[in-house]
Amino acid sequence: MQMMEAAMKLPMLALAAVLSAVPVATQSTQFPDRAFAHGGSVRLNLAAADYRIRGHADDRIKVRWSSSRAGMAERIHGDVEVKGTRAVVWTIAPHSSGAHFEIDVPSRSDLDVDLNAGDLEVRNVEGNKNLSMWAGDVTIDVGSADLYRRVEATVRFGDISAPPFNQSTGGVFRSMEWSGSGKYVVRAKLFAGDLRLR
């Protein structure tokens, strides 16, 4: 009986050794969560990584992150500081860390984003949006054009696609300007990459 149990354990030990050698996505256990009312301004100082910013109904800002590279999650960090109607979100991610951040903000928030490089997606956030970025692809759900008073976008190398404002352009040193009767302003400056306002 003991010999049989030992024989059964050998394949299991071999399987465990193989699985431990395979890189898997890891995720941090630290998730900053701060109270923050709708209608405020959120400044995002972001390290190079991929980001998904989403608006939600809660009066809170939440930050989560993960890495596609084993052993990297503990070297990635994010936090939120709140002072009245203004919040600052900042992140840290080593170069080539495979970091991916998800940031939830109140759905009515003004966003001011400073990101060096990576891919950025913004969904379900109503308000003013200001973006400065060096390289990567950006997608912003802007909703109805009726919400906006002014839209300004520049891309030095890449494409601008903005169907709600009936504009699309690509190539080198591209820009667009649009004026309306709404109350919000979008300003986006991207050195290299594609900008989509949809």
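Which residue in E9 does Arg43 stand opposite? Arg43 stands opposite Asp112.

## Basis

This is a predicted model, in which local features need pLDDT of at least 70 and side-chain atom pairs count only at pLDDT 80 or more, while totals for chains, interfaces and linings use all residues. Residues are numbered from 1 along each chain as its sequence is written, and side-chain values use heavy atoms, leaving out hydrogens and water.

## Overall make-up

Of its 198 residues, 38% are buried (under 20% relative accessible area, 1.4 Å probe, protein chains only).

## Parallel strands

Strand E9 (residues 110-117) runs parallel to strand E3 (residues 41-46), with six bridges joining them. E9 also pairs in the parallel sense with strand E11 (residues 129-135), again over six bridges (strands pair if DSSP finds at least two bridges between them). Asp112 has Asn130 as its bridge partner in E11.

## Aromatic pairs

The whole structure holds eight aromatic pairs (Phe, Tyr or six-membered Trp rings with centres within 6.5 Å; planes under 30 degrees apart are stacked, over 60 edge-to-face, the rest tilted). Tyr51 and Phe101 are stacked, at 5.0 Å centre to centre and 10 degrees between the planes. Tyr51 lies in strand E4 (residues 50-56) and Phe101 in strand E8 (residues 99-106), so the pair ties together parts 50 residues apart in sequence. Tyr51 is buried at 3% relative accessibility, and Phe101 is buried at 0%.

Phe165 and Trp178 form a tilted pair, 4.8 Å centre to centre with 55 degrees between the planes. Both Phe165 and Trp178 are buried. Ring pairs also link Trp134, Phe157, Phe173 and Phe191 into a cluster.

Definitions and conventions:
Buried < 20%, exposed > 50% of the residue type's maximum accessible area, 1.4 Å probe, protein only. Helix = DSSP H or I, 4+ residues; strand = E, 2+ residues; numbered from the N terminus.
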